[in-house]
Structure formats: structure tokens, C-alpha cells
Amino acid sequence: MDARGRSARGPAAPLAAAGSAGWFDELYGRYFARVYAYAVTRVGGTLAEEVASETFAVAWRRRDVVPDVPLAWLIGVARNVIREQYRDALRQDLIAAELHAWAAAPPVAGDVAEVVVDRDVLLRGLAALPEGDREVLMLLGWHGLSPGEAAGVLGCSRPAFAMRVHRARRRLDRHIEDASHDRDGTSGGDADDAED
């Protein structure tokens, strides 16, 4: 076979019965290197394997629509995966930048100095959180959803959501404590960070 998955004697042999485990194994074996190479040219080697793996996960989930000659379709999926990853990364960068900007913004007239400092510390703490933690807390505090509604948005059970909220609040508390220590000139940090 050549680099395009074709036999030197002619077009590629058809894949095994569509949708079977054998079909997927053959699809993966025949086209992974090509999808990976495409991803390397778009996002570099660090993310390429992740992109290629997600592409084949999509192919398995949508196996009923994968065409008989799937390379172009697979590369189209990889392109969409890359676009979604960049869109998510850009969105998270914009959110973090906006939170930092709010933290740096001058206070609204009438704010008491302590309230302004607390607001600044809270916004910096939120901006420092990982995206998942920030999303959990903002669904409740910013968007005003109930825990049940927020759990539904994230597709998890209420107990799982409660655990995520608990962990996110602990991390936020640590960021706030560190920021308060920095403001007061004392040392912050917590050995507790190693547990998460």
C-alpha cells in the first residue's frame, strides 16, 4: 500500500462490513497516519495525536455515515475537531481576559474600598481557575441556575455536580486566600493543592 492507503495495483480494497469492530480496526489502521499527518500540519505534533484520536472517535460514533472512501471525510472531521478546539481555547482566553479586565477596572462610584478589594480578589481567583471549575461556579452564581439545572447542562447527576461544586469552591478559596496573602505581603500556598 502507498501513503494514501491504496494498493500499488489499484484502488484501496473496500473496508470490512461497515460498523463492525473489524471495520473500525481496518479504518484506523489504514487512515490514522494520514489524519495524523494532516493534524500535524495544522496544530503541530503536540496536539496532532489528540486531534486524530478524536477524529476516529467521531468516525465510530457516526459509523453509519462514513463513506466507502473515507479519507476526505476523515480529514473534514479532523478539520472540524481542530476548529472546535481553537474555538474553545479562544473562548476560554477571552473569558479569562474579560475576568482580568473586570478585576482591573476602576470601581463603580460609591464602592467602599474593602468591597472593591474583595471584588478584585474574587475576579482574579475566578480567572485563575481551570475552565471546568469556572463553568461550574458561573452556572450557579453568574447564570443563576439551580444545582439540578446546572447538572443537566453538564450532563451529570446532582451528586456528581455537587462534588464538582465542592472541589471548585475549594480551589477558588485557595486562590482567594493566596491573593489575600499576596495583598497583605504574607506567604500563601497550600499543600492541599497536591491532592487535586
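These notebook entries record what I looked up in a predicted model of one protein chain.

**Entry 1: overall make-up**

I began with the secondary structure. The protein chain holds seven helices and zero strands, and I read the order of its elements from the N terminus as α-α-α-α-α-α-α. I then looked up burial and surface. Of the 196 residues in the protein chain, 28% are buried. The accessible surface comes to about 12100 Å², and carbon and sulfur atoms account for 56% of that surface. For contacts with a separation of 6 or more, I noted that 51% join residues 24 or more positions apart.

**Entry 2: nonpolar cores**

I next looked up the largest nonpolar core, which has 23 residues. The members that touch the most other members are Leu27, Val51, Phe56 and Leu74. Helix H1 (21–43), helix H2 (45–61) and helix H3 (71–104) each supply at least two residues of this core. The largest share, nine residues, comes from H1. I also recorded a second, separate core of seven residues, with Leu140, Ala150, Phe161 and Val165 among them.

I listed the contacts of valine 51, leaving out residues up to four places away in sequence. Valine 51 touches Ala39, Val43, Ala78, Val81, Ile82 and Gln85.

I did likewise for valine 35, which is found in helix H1. With neighbours within four places in sequence set aside, valine 35 is in contact with Ala52, Thr55, Phe56, Leu74 and Ala78. Is valine 35 buried or exposed? Its relative accessibility is 0%, so valine 35 counts as buried. I also looked up the C-alpha separation of valine 35 and valine 77, which is 9.4 Å; these two residues are 42 residues apart along the chain.

**Entry 3: aromatic pairs**

How many aromatic pairs does a search of the whole structure find? I recorded eight aromatic pairs. I described each pair that I examined by the distance of the ring centres and the angle of the planes.

For phenylalanine 24 and phenylalanine 56, the ring centres are 6.4 Å apart and the planes stand at 80 degrees. Angles over 60 degrees count as edge-to-face, so this pair is edge-to-face. Phenylalanine 24 lies in helix H1 and phenylalanine 56 in helix H2, so the pair ties together parts that are 32 residues apart in sequence. I found both phenylalanine 24 and phenylalanine 56 to be buried.

Phenylalanine 32 and tyrosine 36 form a stacked aromatic pair, at 6.2 Å centre to centre and with 20 degrees between the planes. These two residues are four residues apart in helix H1, and therefore about one helical turn separates them. Phenylalanine 32 is buried, with a relative accessible area of 15%, whereas tyrosine 36 counts as partly exposed at 29%.

I then looked up the aromatic cluster that contains these residues: Trp23, Phe24, Tyr28, Phe32, Tyr36, Phe56 and Trp60 form one cluster.

**Entry 4: charged residues**

Arginine 63 lies over the face of tryptophan 60, at 4.0 Å from the ring centre. The side chain of arginine 30 is joined to that of glutamate 26 by a polar contact of 2.7 Å. I placed glutamate 26 in helix H1. Its relative accessible area is 27%, and glutamate 26 is partly exposed.

How values were computed: Residues numbered from 1 in each chain as written. Predicted model: local features only at pLDDT ≥ 70, side-chain atom pairs only at ≥ 80, totals over all residues. Heavy atoms only, no water. Buried < 20%, exposed > 50% of the residue type's maximum accessible area, 1.4 Å probe, protein only. Contact = heavy atoms within 4.5 Å. Areas by Shrake-Rupley, 256 points an atom, 1.4 Å probe, with all protein chains shown as cover. Core = buried A, V, L, I, M, F, W, Y, C linked by side-chain atoms within 4.5 Å. Phe/Tyr/Trp six-rings, centres within 6.5 Å; stacked < 30°, edge-to-face > 60°. Lys NZ or Arg CZ within 6 Å of the ring centre and 35° of its normal. Polar contact = N/O pair within 3.5 Å; in protein donor to acceptor, adjacent residues only side chain to side chain.
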